[in-house]
Amino acid sequence: MTAAGWLQIALFGAIVIAITRPFGWYMTRVFAGERTLLSPLLRPVERAVYWCSGIDETEEQSWPQYGVALVFFSAAGFVTLYLLQRLQWYLPLNPQAQTGVEPVLAFNTSVSFVTNTNWQSYVPETMMGYLVQMAGLTVHNFVSAAAGIALALALIRGFSRRDAAGIGNFWVDLTRCTLYVLLPISVIVAVVFVWQGMPQNLRPYVDATTLEGTRQIIAQGPVASQEVIKVLGTNGGGFFNANSAHPYENPTALTNLLQMFLLIGIAAGLTNVLGRMVNDERQGWALFAAMGILLLIGVVTVYWAEARGNPALAALRVDAAPNALQAGGNMEGKEVRFGIAPSALFATVTTDAGGAVDAMHDSFTPLGGMVLLINMLLGEVAFGGVGSGLYGMLAFAIVTMFVAGLMVGRSPEYLGKKLEAREVKMTMLALLSYSLSILVCTALAATVPEGLAGIGNPGPHGFTEILYAYASATGNNGSSFAGLSTDTPFYNLTLAAAMLIGRFLFVIPLLAVAGSLAQKRYRAPSPGSVPTHGPQFVGLLVGVVLIIGGLTYFPAVSLGPIAEQMAMSHGVLYSAP
């Protein structure tokens with residue numbers, strides 16, 4: 001570990017804190033329908049969208065209507081993307097003449113992008129034409145992210161509204177988020193990315209001759225426009241198979257820093273949106289603090305583990321110390337142009353948010369990889385994906401206040417709303433469906449021949465690859481350990497099922513919670529109420545998240561990264577078959 005590394009991490013944290021409040025202010029005005037700097041330009045476009053779609057922007061939806069709109073919109077997106085992939089051979093903007101995608105893989109990919117997971121069991125640059133990349137994948141990067149933010153807004157309205165039958169309008173939230181938040185940022189940052197060296201064209205791939213005289217095909221295309229929404233919408237699915245480790249997707253240290261900000265920026269700003277909408281910004285900062293603590297624990301642990309390196313190499317007298325000639329530590333799978341600290345920071349942020357990678361997680365030390373795995377097992381609540389991180393943390397906040405109520409012997413309440421049996425049961429249904437999906441799918445894959453056939457490494461590392469894959473799919477993250485071969489019918493279907501559970505079976509119960517809370521009256525805090533804006537609540541919330549995660553996943557994690565770390569500490573390594 002170096003002073004320069006800690007400085008980079010501290011700078012990142014300081015900038016995130018600085019942008020949270022102004023970004024939250026802007027998004028609050030957007031979602032309330034108030035005038036913003038972009039209103040003169042975008043308000044006519046917004047009205048045109050409503051008119052063409054037959055949407056009444058003043059109409060409120062109950063939670064079942066909101067949920068049905070989400071499901072039907074996702075179903076329509078699934079069908080559209082599936083057809084684009086299957087019919088790719090007949091479509092324009094396909095200079096490499098890519099053929100139609102195989103049915104099961106097309107199914108998996110469609111589910112992946114509709115659920116904001118963006119898991120990729122394929123090599124994008126050798127399988128997807130430009131039209132599919134733009135009209136299919138990039139479009140879903142926008143709308144699936146906007147849908148996630150809309151769901152978080154619906155839950156916030158459940159706490160902020162009183163005696164209300166509706167929790168907003170899904171179509172209005174989707175439109176405003178896309179027009180006023182995602183599109184403007186994407187346009188501006190895409191230009192910066194092009195300036196930094198990312199390709200943005202529709203030309204065929206370059207057929208080049210290397211210095212050794214061999215032939216090499218260099219892929220290019222509309223990279224910058226997809227890259228920006230890949231990270232801003234916490235999607236993760238890249239234009240290239242190497243994702244943000246590819247020099248065309250992440251050419252400089254500046255683009256690497258920008259991508260980390262984009263991964264976490266909206267999620268951080270939404271905590272301030274919560275505080276503003278419930279008329280107490282301290283509540284938003286309390287959630288921000290809990291998320292920040294979890295993120296900081298992860299970053300410090302991963303950085304320490306990767307900077308320390310592999311003790312087995314130290315026993316062979318391999319110099320792994322940082323100096324003027326080398327970054328030191330465990331540099332396997334990491335880009336030399338970034339080094340240990342930015343790679344550790346990026347990996348921690350992305351497994352808490354979006355699935356993009358600038359280093360190969362499969363090559364991290366067992367302890368470092370375990371932290372990345374745990375981030376997803378806990379539900380990616382340390383800021384998390386756009387919308388999903390906030391409503392996931394609010395689910396834990398409800399459980400926290402239920403536990404606090406049992407401790408002090410009074411009815412639990414949160415943000416002025418009494419939490420009764422219905423809200424707690426629906427919240428637990430969401431949380432249990434998440435863990436059930438991960439553990440059941442992992443157990444199945446670890447026991448049937450179809451699952452075992454995909455393992456690329458023996459021993460506990462192979463088990464970690466499986467556990468990581470289903471945690472990523474259920475958490476709608478999309479990153480992978482990369483050592484697992486998943487382009488098979490078994491993995492394509494089971495991972496798709498995990499993605500659907502993680503998106504819809506987790507969200508629908510929380511929409512029911514939002515609808516129930518919105519109908520209740522506000523209860524002013526009494527002298528016996530547990531305050532939810534101070535250090536006591538933050539500590540209790542972090543503790544509940546870690547305890548629930550530990551009780552649920554410790555046996556599974558013990559079989560994977562913990563066993564591998566202990567073996568490595570005693571000089572036992574597992575060689576590839």
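Contact is taken here to mean heavy atoms within 4.5 Å, and helices are DSSP runs (H or I, at least four residues) numbered from the N terminus. The structure is a predicted model, in which local features need pLDDT of at least 70 and side-chain atom pairs count only at pLDDT 80 or more, whereas totals for chains, interfaces and linings use all residues. Residues are numbered from 1 along each chain as its sequence is written, and side-chain values use heavy atoms, with hydrogens and water left out.

In the pairing of helix 1 (residues 3-31) with helix 12 (residues 340-351), the axes, which are lines fitted to C-alpha atoms over the stretch in contact, come within 9 Å and cross at roughly 35°. Here G5, Q8, I9 and F12 of helix 1 meet A341, P342, L345 and V349 of helix 12.

Helix 14 (residues 388-408) packs against helix 18 (residues 489-518) at an angle of about 55°, the two axes lying 11 Å apart. From helix 14, Y391, G392, A395 and I398 are in contact with R503, F506, V507, L510 and V513 of helix 18.

N116 itself is situated in the loop between helix 4 (103-114) and helix 5 (124-127), and it counts as buried (under 20% relative accessible area, 1.4 Å probe, protein chains only) because its relative accessibility is 5%.

Terms used. Axes are lines fitted to C-alpha atoms, for helices over the stretch in contact, and angles run from 0 to 180 degrees between N-to-C directions. Helices (H or I, at least four residues) and strands (E, at least two) are DSSP runs, numbered from the N terminus. Buried means under 20% relative accessible area, exposed over 50%, partly exposed in between (1.4 Å probe, protein chains only).
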